[in-house]
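Let's work through a few exercises on how a protein's inside is put together. Keep the viewer open and try each task before you read its solution.

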Amino acid sequence: MPLPYNRKNKQLAKHLRKNQTRQENHLWYDFLRDYPVKFYRQKMIDNYIADFYCHRAKLVIEIDGVQHTTDGGIARDEYRTEVLENYGLKVIRFSNKSIDRDFSRVCAFIDHVVQESIK
């Protein structure tokens with residue numbers, strides 16, 4: 001069954017795909033785009049747009065900038081995660097800094113989560 005989405009977010013999702021952050025581009029072009037299990041960029045789910053989504057693994061990957069470290073940002077992310085988890089999805093988050101400084105470990109962790117999810 002397809003996940004619900006808000007059609008009003010379609011143009012924003014398109015814009016975000018064309019204007020990804022440097023870290024999102026790095027993860028997409030250097031790992032997820034050619035990953036053996038299909039990932040999507042800027043996937044609309046409910047009222048949100050997930051940075052990356054893998055249907056087969058039921059996995060959402062979020063790349064967080066500094067705005068996610070404020071009290072308000074943390075609270076919004078916790079609520080968003082709760083909503084997405086209610087659809088049976090697993091949400092994992094990485095900071096921009098971890099993409100920049102520890103890319104191979106991020107990729108290894110994503111691979112581990114995907115492999116565990118599709119067993």
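**Exercise 1. Find the residues with the most contacts inside the largest nonpolar core, and the elements that supply it.**

Start with the term: a nonpolar core is a set of buried Ala, Val, Leu, Ile, Met, Phe, Trp, Tyr and Cys residues joined through side-chain atoms within 4.5 Å. Buried means under 20% relative accessible area and exposed over 50%, with partly exposed in between (1.4 Å probe, protein chains only).

Next, the residues. The largest core has 22 of them, and L27, L32, F39, L59, I61 and I110 have the most contacts inside it.

Then the elements, which are DSSP runs numbered from the N terminus: helices are H or I with at least four residues, strands E with at least two. At least two core residues each come from helix 2 (22-32), strand 2 (48-54), strand 3 (59-64), strand 4 (90-95) and helix 5 (103-117). Helix 5 gives the largest share, six residues.

A word on the model: it is predicted, so local features need pLDDT of at least 70 and side-chain atom pairs count only at pLDDT 80 or more, while totals for chains, interfaces and linings use all residues. Residues are numbered from 1 along each chain as its sequence is written, and side-chain values use heavy atoms, leaving out hydrogens and water.

**Exercise 2. List what F39 touches.**

Contact means heavy atoms within 4.5 Å. Leaving aside residues up to four places away in sequence, F39 touches W28, L32, F52, Y53, C54, L59, I61, I110 and V114.

**Exercise 3. Trace the partners of strand 2.**

Strands pair if DSSP finds at least two bridges between them. On one side, strand 1 (residues 40-45) runs antiparallel to strand 2 through five bridges, and Y40 has Y53 as its bridge partner. Strand 3 is also antiparallel to strand 2, joined by three bridges; here F52 stands opposite I61.

Now look at the turns. Two residues lie between strands 1 and 2, and D46 in that hairpin takes a positive phi near 55°. The hairpin of strands 2 and 3 has four residues between them, with K58 at a positive phi of about 50°.

Finally, check burial: seven of the seven residues in strand 2 are buried.

**Exercise 4. Where do the buried residues of helix 5 lie around its axis?**

First, name them: F103, V106, C107, I110, V113 and V114. Seen down the axis, they fall within an arc of 125° (from the directions of the C-beta atoms), so they line one face of helix 5. The face turned away carries the exposed residues S104 and R105. Covering the buried residues are, among others, helix 2, strand 3, strand 4 and helix 4 (96-101).
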